[in-house]
Amino acid sequence: MSASRRQFLQTAAASAAFTGLARYANAQVTADAEGYSNPGYASEIAGYGPLRRDPAEIFDLPEGFSYKVISRAGDRMDDGLIAAGKMDGMGCFPAGRNRVALVRNHEISPPPRDVQITAFGENRSLAGKVAAADVYDTDSEGLPLGGGTSTLIYDLKTRELKAQHLSLAGTAVNCAGGVTPWGSWLTCEETVVKAGQGVKKDHGWVFEVPSRLRGLSEPFAITGMGRFKHEACAVDPRTGVIYMTEDEIDGKGLFYRYLPNDRRRLQAGGRLQALAVIGDGDPRNWDAVSWNQGDWRNVRWIDLDGVDNPNNDLRHRGQAAGASWFARGEGMFFGQGELYFTCTSGGPKFHGQVMRYVPSAHEGQPGESDEPGRLQLFVEPSDARVMEMADNLAIAPWGHIVACEDKVGGTNYLRAMTPQGQVYTLGRNAQTLAGAKIRGTSELAGVCFSPDGSTMFVNIYSPGCTLAITGPWRSFKA
């Protein structure tokens, strides 16, 4: 990003801090019929207009937009295995000839939970189709754990799914992750289950899955990136630095960065550090509002040791050394010279936050302290109708930030934000889960865009399906 454009965006965001109350007061509320958890949703700007009810009761979109279900949990895949459930984070990669590859996470817990929704079918009867060397870990019965990733090949022109297969096997609770500039997906385990607790190896690692691989990737844990409840990661293409969020339910997680010794061989080791905000104030805004929307703070980075974290105390050791707490750090995406990440339960009303980080010109190098990186509270909604509990995050090719909601017991929306921090509603989960009284209670996840900007992909987490969405993206109205 050019200095002039960054200055413009920073100025616009700072101005938003002063006009935030007026924006929320003037947000347009769209009323709904019965069936959803709220009597209406609100958009601060028009965006693509109000949502239209989907007759199929799967996903509501604005006028002119449409979706196609391209994969469902339970589908038979090309490798003879089953499309697993709990579809979570996802990345999109060019795959040639109008095609893209989607690498999709499955947030499946170790047994006894989730055993019937893995890629190995009912009672994991298909486990024999995968060689033992291709499985990271097994349970006490010697059967592969059900977490991992699947890869889908999709034709943007014909809107057809061409293939899908299991691409990482034997991991656990693969939540989010991040794309790399060299065409791989970093998938993150959001668990710190240890060997002997129904599994044979420690978990809480990051794994790398090449998007062009048409089989199973090597299940190699990148231990230098730390063992903790990983959520998402993002790579700065300029420096190779990898940033990571931590999702702890108590809201006491750190924001990390990994300085790899070799950016193309992440398993070759590196330095793990945690972010500390310089000056007073808790970024969570829980006990006292110390940050207003649009505010910036300089940061510093603290070296961490014992990153294999055998006692599950890495975050507490980091905070004791000066690192800042973040309220359930989740989705993250690197844009033009800056990254955005969500804190699902941040803010005085716990509606969540979206943070923006601009790296130092000397990120991770000598001289960084003289020109430190900067962190901004980009969006902090005060009205749950505008946005609540944003989770997975992506940046559209035209610069808007799109976030998936993950609220418990309520209808989940797909929200979007302009570079100036104005929020509008882009979609809504319209499915009704078995036993639920309202629609859309499953979280949305894995939002990402095709490189040409024609198609947005998103997952409905449970019972599990992947949507390809197209429409008049150029018709946006401020």
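**Backbone geometry in the loops**

Modeller: F350 sits in the loop that runs between β19 (339–343) and β20 (353–358); strands here are DSSP runs of E with at least two residues, helices are runs of H or I with at least four, and both are numbered from the N terminus. The model is a predicted one, in which local features need pLDDT of at least 70 and side-chain atom pairs count only at pLDDT 80 or more, while totals for chains, interfaces and linings use all residues. Residues are numbered from 1 along each chain as its sequence is written, and side-chain values use heavy atoms, with hydrogens and water left out.

Although F350 is not a glycine, its phi is positive, near 60°. F350 is partly exposed, with a relative accessible area of 44% (buried means under 20%, exposed over 50%, and partly exposed in between, with a 1.4 Å probe and protein chains only). V173, another residue other than glycine, has a positive phi of about 55°. V173 lies in the loop between β9 and β10 (174–179), and with a relative accessible area of 10% it is buried.

Two loops hold cis peptide bonds. P111 and P112 are joined by one with omega of about 15°, and P112 belongs to the loop between β7 (99–106) and β8. The other joins S462 and P463, with omega of about 0°; P463 is placed in the loop between β27 (456–460) and β28 (465–470).

A cavity is a set of points on a 1 Å grid over the protein atoms alone where a 1.4 Å probe fits but cannot get out, and lining residues have an atom within 4 Å of a point. The largest cavity has a volume of about 50 Å³, a volume being the space filled by probe spheres set on the points, which are joined across faces, edges and corners. β9 contributes most to this lining, with 4 residues. Among the lining residues are H106, A119, F120, L166 and G170.

For the chain as a whole, the secondary structure comes to 2 helices and 28 strands. Of its 478 residues, 61% count as buried. The C-alpha trace spans about 60 × 55 × 40 Å along its principal axes.

Definitions and conventions:
1 Å grid on protein atoms, 1.4 Å probe; cavity = no way out; pocket = protein on both sides within 12 Å on 5 of 7 lines; lining within 4 Å.
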